[in-house]
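Dear colleague,

Please find below the structure that I am handing over to you. My findings follow it, beginning with the packing of helices between the chains and ending with the domains.

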Amino acid sequence: MNLAAAANENLANISNVLIYSAMAVYTLAFIAYITEWVFGSRSKVGRTAAALAPTAGAEKASTVTVQVKQQGGGTAVLERPKVVTRSAPGSRDVPDGPGAAGGTEKGDLYGRIAVSLTVLAALLHVGGVLTRALSVERAPWGNMYEFSITLSMVAVVAYVVLLASGKNVRWIGLPLVTTALLDLGLAVSVLYTDSDQLVPALDSYWLWIHVSCAIVSGAVLYLGAVSTLLFLFRDRYETKLENPDGKQPGAFATSILERLPSAASLDKFAYRINATVFPLWTFTLIAGAIWAEKAWGRYWGWDPKEVWTFITWVAYACYLHARATAGWKGRKAAYLALIAFACFLFNYYGVNMFVTGKHSYAGV
Amino acid sequence: MATTDTDTDADTGTGDAAAGAPARAGGSSADGGSPAADGGADAGSAGADELGAAGTHLSTAPTEGQAVPGSFGGVRAPGVLGALAWTGREVYGWLRWCWRQLTSMRVALLLLLLLSLGAIPGSLIPQTGVDPLKVEQFKAKHETLTPLYEKLGMFHVYSSVWFSAIYILLFVSLIGCIVPRTWQFVGQLRGRPPGAPRRLTRLPAYTTWRTEAEPEQVLAAARTVLRGRRFRAHVAGDAVAAEKGYLREVGNLLFHLALIVVLVAFAVGQLWKSEGGKLITEGDQDGFTNSLTQYDDFKSGAFFDKDNLEPFGFSLESFDARYEREGSQRGTAREFRAHVKYWEGADGKEKRTSIEVNEPLEIAGNKVFLLSTGYAPVITVKDGKGDIAFKGAVPFLQQDANLTSSGVVKVPDYRDKNGKKEQLGFQGFFVPTWGGADAKTMFSQFPALDYPVMFLTAYHGRLGIDGGLPQNVYQLNTDNMKQFKNPDGRAFAQKLLPGETMTLPNGAGTLTFEGIKTWASFQISHQPGNELALIGSVAALVGLAGSLFIQRRRVWVRAVPGKDGQTVVEMAGLGRSESAKLPEELADLAVALQADAPAEAEPESESPDPAEGARA
């Protein structure tokens, strides 16, 4: 074994250690998130219920400040005029829940700890992926293991970025960290592949383009799917609250769901994510076709992976169209979004494990 | 009502009365949509009745009245002519009803769902177009399923009648939708943004203030401000009407048009393509010349002209293969490189290049791809007289990942020791790395040539190649052949190392294993329409980004004299989708406008904070 190979071996080991450390920190973050939810449950918020009372739904007035650039480079902060906003008729005007901490101080403290731990774990995770890339001297997406660790990394980083940019996404922390742990666990146990060079078929710069887009799409679509799923629960919860005569949600469901953002917010968040990623997923499909043309002589050959990428694409197209169709908006569209994400998951795991095609490399 | 809306209503609302439902031009009916409706189409976020014309056609999604099935013919006049006229009206009505159904958003959505569902079986059941061998294996395994699957076209899903029906209907629906939408959009571009609704307070975003400036001044300033921000703005009555974000619809139409282009390109590619395989052994001087007889296998589209193959050719000079020697992926290929000589045109000069897995060679509109590689033992067969009956490299085909290969040697011109004409056939295995006598396995241990060994058995008789029927060169038909036997009666078989010779029983001749050459198989494909498909996909992507990321919105500014002599300025905005940015933008516009129409302190108790009025 030559010197370079030994260095690579070292880097690969460091990568493994970093991934395991990230998993440990994710576990701590998971516990902190749970604690946040537990402490938060002690607050009696009841804001949603109040908002859904018949008098609710009044106009919201908001005063926003605006920065106006002045000549000469200086900026002055001006008070904007009051803009009165009205939500669409027929939609509930419900405020977002207070978040997992439920406004309690202790809960919030644990929530902050959880977020800090998530950031730390994300850093370790990024380090793990980077050292893996360095050890193999190529894009770290040559097999299912590398693909998986990068996928959850992107999902967590996207979450951290959304948090940092001031978006109200802390509620997604618990499900995200849980699945990141599951994904990493699956990666290190079932999918693990020794760091190695590429098979000739993957040795192309299109690997960088096609696979990175696929990973980013998948990771961000996952955030959308979580939001969609929570939308379905929260929507049912709000519907129940709207008819005080009907069946009311249970105490546990209330405790959790009232702290989530409103159904409208969840739906909007999911839509924005899905609509933003859809062009990227389209590009993944196109880039894959270009690569296939270069490598296999045809840009479309009905290979199982191609077919499922197409099915996923059409399913998301269905979702986007459904949102614009009367009778399909809301819950039905949300189900479509979940089906679409299930297609993505099957494309990602199922096709490699159950179907043989041209996208099987390095064992799986 | 602005001209735009009258125009478009006339376009989309035709026949609604006949169908029993009036054309509803309100915002909420606009969300009926179409396959071309864009993703963010939370259309009509404000109530239809309150907004009237202002909310209409913020998209060109066709208004969808209830297409009620039933009697379209109306009153039936007496007599034959009356019956004919009635039938005509009835038929026309039904056709129009069907067309409206097909181009409706619901049916388009259903077709999309069907398309994704229909694509699933093709990924799970082996497909003739992808792997015919697997289809055969599947058919042999599943006797009951096979006839059913064959009837349903499950072995060629993507060219089956039902799958074609889905996507053709989908595209008809698409065309039936984007054509009217395009006209409608052109109409909107030629018209002007609709005038302000009576009650601006009802709109999703609203703001108001009082100013000393005259209403005319305010409106003129508003028009300038809005135009400065690239709104299409005009003064209509006591208000300025403005609209922005038309590129959303452009993107939307472009995306759907581009999908049609991609489909056409795909069809062109399928109909005019040609694709063939050729296996070439290292150092083989003849190589490949592009004519039909030279291909090992050849497929082409329905419209491909087989007499019109481009003149070019190539031969394999040498082949580099490198395999992983360490770790869990031992034996995995790391590098394949074919060094080839090629020529192009009737009297082209020979050039050298190399072909790798991801780097095909492009010659004369064709692409030559490297598919796989294997070994070809070089064999010399001498007949019973001691004359050379066969000499050459015989490609053996790969059986497993370590390149255990099987092959046959056919010797058609052979005489036995008595000079009698006969034919010989050899059949056996070649392993590049033999495990040794202790390994108890004949299979290769590694794909590189570390310990090459060949195991052969021999037959004599008739090969059956003279009958004129095409025969697989890699299979030996032993129906009319007899296996050579050892003196003890067991079948004759021998292991050979390079350089070794085996002697057939009874002086029937010898076979010498001279050495090993590498072969490579290539795919030569010609697929027109690739550029068109690429252009289509890029256009689709651009259109998609436009239709999802650009917001279309309307803004109205009304300025009317108030009771106290001041001017009341009202601003309101309406977005195609419930955009969070709309209130922000409206506030921005208000700030900009207040440069020309400064806000006066509110006399009423609306702002208890006395500083409020001085702000902004």
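Predicted model: local features only at pLDDT ≥ 70, side-chain atom pairs only at ≥ 80, totals over all residues.

The crossing in which α9(A) passes α5(B) is left-handed. On the side of α9(A), the contact is made by P304(A), V307(A), W308(A), F310(A), I311(A), V314(A), A315(A), A317(A), C318(A), H321(A) and A322(A). The residues from α5(B) include M105(B), L109(B), L112(B), S116(B), I120(B) and S123(B). By class, this contact of α9(A) with α5(B) comprises 18 nonpolar residues, four polar residues and no charged ones.

A further pair also joins the two chains. The residues in contact are A275(A), F278(A), P279(A), T282(A), F283(A), I286(A) and E293(A) of α8(A), together with N530(B), S537(B), A540(B), L541(B), L544(B), A545(B) and L548(B) of α11(B). The contact of α8(A) with α11(B) divides into 10 nonpolar, three polar and one charged residues.

Within chain A, helix α3 (residues 105–136) packs on helix α4 (residues 144–164) at an angle of about 140°, with 9 Å between the axes. Here too the crossing is left-handed, as α3(A) passes α4(A). Among the residues that make the contact are V115(A), V119(A), A122(A), H125(A) and R132(A) of α3(A), and E146(A), I149(A), M153(A), V157(A) and L163(A) of α4(A). Its residues comprise 11 nonpolar, four polar and two charged.

Chain A is divided into domain 1 (1–43 + 103–197) and domain 2 (200–364). Taken over C-alpha atoms, the centres of these two domains of chain A are separated by 21 Å. Domain 1 of chain A brings 21 residues to the contact and domain 2 of chain A brings 22. On the domain 1 side, α4 and α5 (173–189) of chain A each supply at least two residues. Which helix gives the most to that side? It is α4(A), with eight residues. The side of domain 1 of chain A that touches domain 2 of chain A has 14 nonpolar, seven polar and no charged residues.

**Chain B: overall make-up and domains**

Chain B contains 13 helices and 22 strands. Of its 616 residues, 41% count as buried. Among contacts in chain B with a separation of 6 or more, 66% are between residues 24 or more positions apart.

Chain B is divided into domain 1 (3–67 + 104–190), domain 2 (200–245 + 551–614), domain 3 (251–271 + 529–546) and domain 4 (274–526). Nine residues of domain 1 of chain B are in contact with seven residues of domain 3 of chain B. On the domain 1 side of this contact in chain B, six residues are nonpolar, one is polar and two are charged.

With kind regards

Terms used: Residues numbered from 1 in each chain as written. Chains lettered and ligands numbered in written order. Left-handed = near helix turned anticlockwise from the far one by under 90°. Helix = DSSP H or I, 4+ residues; strand = E, 2+ residues; numbered from the N terminus. Contact = placed C-beta atoms within 7 Å. Nonpolar A, V, L, I, M, F, W, Y, C, P; charged D, E, K, R; others polar. Buried ≥ 20, exposed ≤ 12 C-beta atoms within 10 Å, placed from the backbone. Domains from an automatic or database assignment. Axes fitted to C-alpha atoms, helices over the stretch in contact; angles between N-to-C directions.
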